Amino acid sequence: MISYIIRRLIAAVGLVVIVSMITFAIFYLMPRLAGATPETLATRYVGRAATADTVKLTAERLGFYDPIVVQYWHWLQGVLFGTTIDTGAQQVSCPAPCLGYSFRTQAPVTPEILRRLPVSFSLAIGAAVLWLLLGLSIGILSALRRGSFFDRAAMTVALAGVSMPVFWTGLIALSVFSYQLGWTPPGATYTPFTQNPAQWAYGLLLPWITLALLFSAQYARLTRAGMLETMSEDYIRTARAKGLPERTVVVKHGLRAALTPIVTIFGLDFGLLIGTAVLTETVFGLPGLGQLAIDGTKANDLPQVLGVVLLIAVFVAVANLVVDLLYAVIDPRVRTR
(Lines give C-alpha, C1' and ligand atoms only; values in the text may rest on other atoms or scores of the structure.)
Protein backbone atom coordinates (compact mmCIF):
# COMPACT_ATOMS: atom_id res chain seq x y z
CA MET A 1 0.00 0.00 0.00
CA ILE A 2 2.88 2.36 0.80
CA SER A 3 4.46 1.84 -2.62
CA TYR A 4 1.07 2.49 -4.22
CA ILE A 5 0.77 5.80 -2.34
CA ILE A 6 4.33 6.80 -3.29
CA ARG A 7 3.64 6.11 -6.98
CA ARG A 8 0.49 8.20 -6.85
CA LEU A 9 2.31 11.04 -5.10
CA ILE A 10 5.00 11.06 -7.78
CA ALA A 11 2.32 11.06 -10.49
CA ALA A 12 0.51 13.97 -8.80
CA VAL A 13 3.70 16.04 -8.55
CA GLY A 14 4.51 15.26 -12.19
CA LEU A 15 1.03 16.37 -13.23
CA VAL A 16 1.43 19.73 -11.46
CA VAL A 17 4.84 20.29 -13.07
CA ILE A 18 3.52 19.50 -16.55
CA VAL A 19 0.52 21.79 -16.09
CA SER A 20 2.79 24.58 -14.86
CA MET A 21 4.99 24.16 -17.97
CA ILE A 22 2.01 24.26 -20.31
CA THR A 23 0.46 27.25 -18.54
CA PHE A 24 3.76 29.15 -18.48
CA ALA A 25 4.25 28.43 -22.19
CA ILE A 26 0.76 29.71 -23.00
CA PHE A 27 1.35 33.02 -21.24
CA TYR A 28 5.01 33.62 -22.11
CA LEU A 29 6.04 31.43 -25.06
CA MET A 30 3.01 31.63 -27.32
CA PRO A 31 3.05 35.46 -27.53
CA ARG A 32 6.70 35.33 -28.63
CA LEU A 33 5.90 32.71 -31.26
CA ALA A 34 3.15 35.02 -32.48
CA GLY A 35 5.66 37.81 -33.01
CA ALA A 36 5.71 39.61 -29.65
CA THR A 37 9.04 41.06 -28.55
CA PRO A 38 10.39 41.39 -24.98
CA GLU A 39 9.53 45.07 -25.14
CA THR A 40 5.97 44.29 -26.17
CA LEU A 41 5.58 41.89 -23.24
CA ALA A 42 7.03 44.49 -20.86
CA THR A 43 4.45 47.11 -21.89
CA ARG A 44 1.81 44.95 -20.17
CA TYR A 45 3.48 45.76 -16.87
CA VAL A 46 4.41 49.43 -17.32
CA GLY A 47 1.62 50.67 -19.57
CA ARG A 48 1.80 51.95 -23.13
CA ALA A 49 2.55 55.50 -22.02
CA ALA A 50 6.00 54.55 -20.69
CA THR A 51 9.14 55.62 -22.51
CA ALA A 52 11.23 53.22 -24.57
CA ASP A 53 14.02 53.23 -21.98
CA THR A 54 11.57 52.37 -19.20
CA VAL A 55 10.12 49.52 -21.23
CA LYS A 56 13.59 48.15 -22.00
CA LEU A 57 14.69 48.30 -18.35
CA THR A 58 11.47 46.57 -17.28
CA ALA A 59 12.01 43.80 -19.82
CA GLU A 60 15.54 43.29 -18.49
CA ARG A 61 14.39 43.19 -14.86
CA LEU A 62 11.65 40.69 -15.68
CA GLY A 63 14.07 38.49 -17.63
CA PHE A 64 12.18 38.67 -20.92
CA TYR A 65 15.47 38.66 -22.84
CA ASP A 66 16.40 35.29 -21.34
CA PRO A 67 15.50 32.02 -23.09
CA ILE A 68 12.06 30.69 -22.18
CA VAL A 69 13.60 27.73 -20.33
CA VAL A 70 15.61 30.09 -18.12
CA GLN A 71 12.52 32.21 -17.48
CA TYR A 72 10.54 29.13 -16.42
CA TRP A 73 13.36 27.96 -14.16
CA HIS A 74 13.52 31.34 -12.41
CA TRP A 75 9.75 31.32 -11.96
CA LEU A 76 9.83 27.76 -10.60
CA GLN A 77 12.60 28.71 -8.18
CA GLY A 78 10.39 31.52 -6.90
CA VAL A 79 7.52 29.13 -6.36
CA LEU A 80 9.67 26.63 -4.45
CA PHE A 81 12.10 28.86 -2.58
CA GLY A 82 10.86 32.44 -2.94
CA THR A 83 12.61 35.31 -4.69
CA THR A 84 13.34 39.03 -4.64
CA ILE A 85 11.65 41.14 -7.31
CA ASP A 86 13.20 44.31 -8.67
CA THR A 87 10.37 46.74 -9.44
CA GLY A 88 12.74 49.54 -10.39
CA ALA A 89 11.83 51.67 -7.37
CA GLN A 90 12.53 49.03 -4.72
CA GLN A 91 13.41 45.41 -4.02
CA VAL A 92 10.31 43.43 -3.00
CA SER A 93 10.72 40.17 -1.12
CA CYS A 94 8.34 37.44 -2.29
CA PRO A 95 8.55 34.41 0.03
CA ALA A 96 7.74 30.90 -1.12
CA PRO A 97 5.43 29.99 -2.66
CA CYS A 98 5.94 33.08 -4.81
CA LEU A 99 3.43 32.79 -7.65
CA GLY A 100 4.53 36.07 -9.21
CA TYR A 101 4.38 39.81 -8.73
CA SER A 102 1.51 41.93 -9.99
CA PHE A 103 2.70 45.27 -11.31
CA ARG A 104 -0.95 46.31 -11.54
CA THR A 105 -1.51 46.04 -7.79
CA GLN A 106 2.17 46.57 -6.88
CA ALA A 107 2.12 43.47 -4.65
CA PRO A 108 2.95 39.76 -4.78
CA VAL A 109 0.17 37.54 -6.10
CA THR A 110 0.25 34.87 -3.37
CA PRO A 111 -1.28 36.90 -0.47
CA GLU A 112 -4.26 37.94 -2.61
CA ILE A 113 -4.84 34.34 -3.75
CA LEU A 114 -4.64 33.06 -0.18
CA ARG A 115 -7.07 35.77 0.93
CA ARG A 116 -9.66 34.67 -1.61
CA LEU A 117 -9.06 30.93 -1.30
CA PRO A 118 -11.33 30.42 1.78
CA VAL A 119 -14.27 31.92 -0.13
CA SER A 120 -13.92 29.53 -3.08
CA PHE A 121 -13.17 26.58 -0.81
CA SER A 122 -16.21 27.32 1.35
CA LEU A 123 -18.42 27.55 -1.71
CA ALA A 124 -17.06 24.30 -3.17
CA ILE A 125 -17.16 22.15 -0.04
CA GLY A 126 -20.67 23.21 0.99
CA ALA A 127 -22.10 22.67 -2.48
CA ALA A 128 -20.27 19.33 -2.77
CA VAL A 129 -21.84 18.00 0.44
CA LEU A 130 -25.30 19.03 -0.72
CA TRP A 131 -25.04 17.62 -4.24
CA LEU A 132 -23.63 14.32 -2.97
CA LEU A 133 -26.43 13.88 -0.44
CA LEU A 134 -29.14 14.83 -2.92
CA GLY A 135 -27.67 13.10 -5.95
CA LEU A 136 -26.87 9.80 -4.28
CA SER A 137 -30.17 9.62 -2.39
CA ILE A 138 -32.32 10.38 -5.41
CA GLY A 139 -30.26 8.09 -7.66
CA ILE A 140 -30.50 5.13 -5.28
CA LEU A 141 -34.25 5.52 -4.74
CA SER A 142 -34.86 5.90 -8.47
CA ALA A 143 -32.88 2.75 -9.23
CA LEU A 144 -34.71 0.72 -6.57
CA ARG A 145 -38.08 1.99 -7.82
CA ARG A 146 -37.38 1.80 -11.51
CA GLY A 147 -40.32 2.80 -13.67
CA SER A 148 -42.32 4.23 -10.77
CA PHE A 149 -43.78 7.72 -10.58
CA PHE A 150 -40.95 8.79 -8.26
CA ASP A 151 -38.35 7.53 -10.72
CA ARG A 152 -39.83 9.39 -13.66
CA ALA A 153 -40.46 12.57 -11.69
CA ALA A 154 -36.95 12.55 -10.19
CA MET A 155 -35.25 12.03 -13.55
CA THR A 156 -37.40 14.77 -15.10
CA VAL A 157 -36.35 17.18 -12.36
CA ALA A 158 -32.73 16.02 -12.79
CA LEU A 159 -32.88 16.71 -16.52
CA ALA A 160 -34.29 20.17 -15.81
CA GLY A 161 -31.56 20.81 -13.24
CA VAL A 162 -28.81 19.92 -15.72
CA SER A 163 -30.41 22.12 -18.38
CA MET A 164 -30.76 25.26 -16.24
CA PRO A 165 -27.61 27.45 -16.15
CA VAL A 166 -26.29 28.74 -12.86
CA PHE A 167 -26.59 32.41 -13.79
CA TRP A 168 -30.34 31.94 -14.38
CA THR A 169 -31.14 29.84 -11.31
CA GLY A 170 -28.93 32.08 -9.17
CA LEU A 171 -30.69 35.28 -10.21
CA ILE A 172 -34.13 33.69 -9.76
CA ALA A 173 -33.15 32.38 -6.32
CA LEU A 174 -31.82 35.79 -5.27
CA SER A 175 -34.96 37.54 -6.51
CA VAL A 176 -37.35 35.16 -4.73
CA PHE A 177 -35.65 34.04 -1.53
CA SER A 178 -33.51 37.09 -0.77
CA TYR A 179 -35.31 40.18 -2.06
CA GLN A 180 -38.96 39.07 -1.93
CA LEU A 181 -39.19 36.58 0.94
CA GLY A 182 -36.13 37.71 2.87
CA TRP A 183 -35.23 34.16 3.91
CA THR A 184 -31.59 34.42 2.83
CA PRO A 185 -29.12 37.33 2.82
CA PRO A 186 -28.58 39.25 -0.44
CA GLY A 187 -25.54 38.85 -2.64
CA ALA A 188 -21.98 39.83 -1.69
CA THR A 189 -22.51 38.41 1.81
CA TYR A 190 -19.60 36.39 3.17
CA THR A 191 -18.54 35.89 6.78
CA PRO A 192 -15.32 33.96 7.52
CA PHE A 193 -15.88 30.61 9.22
CA THR A 194 -13.50 31.46 12.06
CA GLN A 195 -15.43 34.65 12.80
CA ASN A 196 -18.96 33.20 12.97
CA PRO A 197 -19.66 29.64 11.69
CA ALA A 198 -23.44 30.08 11.78
CA GLN A 199 -23.33 33.34 9.83
CA TRP A 200 -20.82 31.75 7.43
CA ALA A 201 -23.26 28.94 6.60
CA TYR A 202 -26.26 31.28 6.46
CA GLY A 203 -24.55 33.60 4.00
CA LEU A 204 -23.51 30.77 1.68
CA LEU A 205 -26.72 28.75 1.89
CA LEU A 206 -28.29 30.09 -1.30
CA PRO A 207 -25.08 29.82 -3.40
CA TRP A 208 -24.65 26.25 -2.11
CA ILE A 209 -28.17 25.26 -3.11
CA THR A 210 -27.92 26.96 -6.50
CA LEU A 211 -24.62 25.29 -7.35
CA ALA A 212 -25.64 21.93 -5.88
CA LEU A 213 -28.81 21.88 -7.98
CA LEU A 214 -26.75 21.69 -11.17
CA PHE A 215 -24.39 18.96 -9.95
CA SER A 216 -26.90 16.89 -7.94
CA ALA A 217 -28.97 16.36 -11.07
CA GLN A 218 -25.95 14.91 -12.87
CA TYR A 219 -24.97 12.73 -9.92
CA ALA A 220 -28.53 11.44 -9.54
CA ARG A 221 -28.51 10.21 -13.12
CA LEU A 222 -25.05 8.65 -12.75
CA THR A 223 -26.00 6.94 -9.49
CA ARG A 224 -29.21 5.58 -10.97
CA ALA A 225 -27.41 4.18 -14.02
CA GLY A 226 -24.68 2.62 -11.88
CA MET A 227 -27.13 1.09 -9.43
CA LEU A 228 -29.31 -0.38 -12.20
CA GLU A 229 -26.25 -2.05 -13.72
CA THR A 230 -24.90 -3.27 -10.38
CA MET A 231 -28.17 -4.58 -8.95
CA SER A 232 -28.58 -6.93 -11.93
CA GLU A 233 -25.25 -8.67 -11.30
CA ASP A 234 -25.04 -12.32 -10.22
CA TYR A 235 -23.37 -11.56 -6.90
CA ILE A 236 -26.35 -9.38 -5.90
CA ARG A 237 -28.70 -12.31 -6.47
CA THR A 238 -26.32 -14.52 -4.53
CA ALA A 239 -26.28 -12.09 -1.61
CA ARG A 240 -30.07 -12.05 -1.54
CA ALA A 241 -30.20 -15.84 -1.78
CA LYS A 242 -27.99 -16.05 1.31
CA GLY A 243 -30.64 -14.14 3.23
CA LEU A 244 -28.76 -10.89 3.74
CA PRO A 245 -30.91 -7.89 4.70
CA GLU A 246 -31.94 -5.74 1.74
CA ARG A 247 -30.19 -2.73 3.24
CA THR A 248 -26.90 -4.64 3.38
CA VAL A 249 -27.35 -5.81 -0.20
CA VAL A 250 -28.05 -2.31 -1.48
CA VAL A 251 -25.46 -0.35 0.51
CA LYS A 252 -22.56 -2.77 0.97
CA HIS A 253 -22.75 -4.69 -2.30
CA GLY A 254 -24.70 -2.54 -4.74
CA LEU A 255 -23.79 1.05 -3.90
CA ARG A 256 -20.16 0.26 -3.14
CA ALA A 257 -19.57 -1.11 -6.62
CA ALA A 258 -21.50 1.74 -8.25
CA LEU A 259 -19.48 4.42 -6.46
CA THR A 260 -16.28 4.00 -8.47
CA PRO A 261 -17.20 6.21 -11.46
CA ILE A 262 -18.97 8.67 -9.15
CA VAL A 263 -15.86 9.09 -7.00
CA THR A 264 -13.79 9.69 -10.14
CA ILE A 265 -16.07 12.44 -11.40
CA PHE A 266 -16.44 13.95 -7.93
CA GLY A 267 -12.68 14.32 -7.59
CA LEU A 268 -12.44 16.19 -10.88
CA ASP A 269 -15.52 18.34 -10.21
CA PHE A 270 -14.43 19.35 -6.72
CA GLY A 271 -10.86 20.11 -7.74
CA LEU A 272 -11.94 22.27 -10.67
CA LEU A 273 -14.72 23.96 -8.72
CA ILE A 274 -12.20 25.59 -6.35
CA GLY A 275 -11.29 28.16 -8.97
CA THR A 276 -13.86 27.83 -11.74
CA ALA A 277 -17.16 28.68 -10.02
CA VAL A 278 -16.99 32.01 -11.82
CA LEU A 279 -20.69 32.30 -12.63
CA THR A 280 -21.81 31.52 -9.09
CA GLU A 281 -19.29 33.93 -7.59
CA THR A 282 -20.35 36.63 -10.04
CA VAL A 283 -24.09 36.20 -9.46
CA PHE A 284 -23.76 36.24 -5.67
CA GLY A 285 -20.89 38.75 -5.53
CA LEU A 286 -18.45 36.41 -3.77
CA PRO A 287 -14.78 37.50 -3.88
CA GLY A 288 -13.34 34.10 -4.79
CA LEU A 289 -10.59 32.79 -7.03
CA GLY A 290 -12.85 32.72 -10.07
CA GLN A 291 -13.47 36.44 -9.80
CA LEU A 292 -9.74 37.02 -9.26
CA ALA A 293 -8.91 35.14 -12.47
CA ILE A 294 -11.52 37.11 -14.43
CA ASP A 295 -10.25 40.42 -13.07
CA GLY A 296 -6.67 39.43 -13.93
CA THR A 297 -7.68 38.45 -17.45
CA LYS A 298 -9.49 41.73 -18.05
CA ALA A 299 -6.54 43.75 -16.73
CA ASN A 300 -4.00 41.60 -18.61
CA ASP A 301 -2.38 40.73 -15.27
CA LEU A 302 -0.58 37.54 -16.32
CA PRO A 303 1.11 36.67 -12.99
CA GLN A 304 -2.25 36.82 -11.25
CA VAL A 305 -3.93 34.52 -13.78
CA LEU A 306 -0.95 32.17 -13.82
CA GLY A 307 -1.02 31.89 -10.03
CA VAL A 308 -4.73 30.99 -9.99
CA VAL A 309 -4.29 28.42 -12.76
CA LEU A 310 -1.38 26.77 -10.94
CA LEU A 311 -3.36 26.61 -7.70
CA ILE A 312 -6.30 24.99 -9.49
CA ALA A 313 -3.91 22.44 -11.00
CA VAL A 314 -2.65 21.60 -7.50
CA PHE A 315 -6.18 21.05 -6.24
CA VAL A 316 -7.05 18.84 -9.21
CA ALA A 317 -3.89 16.79 -8.67
CA VAL A 318 -4.66 16.39 -4.96
CA ALA A 319 -8.26 15.43 -5.74
CA ASN A 320 -7.08 12.79 -8.23
CA LEU A 321 -4.63 11.47 -5.64
CA VAL A 322 -7.40 11.12 -3.06
CA VAL A 323 -9.62 9.40 -5.64
CA ASP A 324 -6.88 6.90 -6.50
CA LEU A 325 -6.42 6.08 -2.82
CA LEU A 326 -10.16 5.67 -2.31
CA TYR A 327 -10.33 3.15 -5.14
CA ALA A 328 -8.52 0.59 -3.00
CA VAL A 329 -11.05 1.12 -0.21
CA ILE A 330 -14.25 1.22 -2.26
CA ASP A 331 -13.57 -1.39 -4.93
CA PRO A 332 -11.90 -4.64 -3.76
CA ARG A 333 -11.01 -5.44 -7.38
CA VAL A 334 -8.43 -2.67 -7.36
CA ARG A 335 -4.96 -4.12 -6.73
CA THR A 336 -2.18 -2.06 -5.19
CA ARG A 337 0.71 -4.23 -6.34
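**The disulfide and its surroundings**

Modeller: Cys94 is buried, with a relative accessible area of 1%. The model is a predicted one. Cys98 is buried as well, its relative accessible area being 3%; both values fall under the 20% cut-off for a buried residue. The sulfur atoms of Cys94 and Cys98 lie 2.1 Å apart, and the two residues form a disulfide. The count for the model comes to one disulfide. About the S-S bond of Cys94 and Cys98 the torsion is about 105°, so this disulfide is right-handed.

The backbone here also deserves attention. Most peptide bonds are trans, and most residues other than glycine have a negative phi. The bond from Ala96 to Pro97, however, is cis, with omega near -5°. Pro97 belongs to the loop between strand 2 (91-94) and strand 3 (101-102). Gln106, although not a glycine, has a positive phi of about 55°. Gln106 is found in the loop between strand 3 and strand 4 (107-108).

Next comes the helix contact. Helix 5 (residues 109-144) and helix 12 (residues 289-298) have axes that come within 8 Å and cross at roughly 135°. Helix 5 is therefore oblique to helix 12. Helix 5 contributes Glu112, Ile113, Arg116, Leu117 and Ser120 to the contact, while helix 12 contributes Leu289, Gly290, Gln291, Leu292 and Asp295. By class, this contact holds four nonpolar, three polar and three charged residues.

Definitions and conventions. Residues numbered from 1 in each chain as written. Predicted model: local features only at pLDDT ≥ 70, side-chain atom pairs only at ≥ 80, totals over all residues. Heavy atoms only, no water. Axes fitted to C-alpha atoms, helices over the stretch in contact; angles between N-to-C directions. Helix = DSSP H or I, 4+ residues; strand = E, 2+ residues; numbered from the N terminus. Parallel < 35°, antiparallel > 145°, perpendicular 65-115°, else oblique. Contact = heavy atoms within 4.5 Å. Nonpolar A, V, L, I, M, F, W, Y, C, P; charged D, E, K, R; others polar. Disulfide = S-S within 2.5 Å. Buried < 20%, exposed > 50% of the residue type's maximum accessible area, 1.4 Å probe, protein only.
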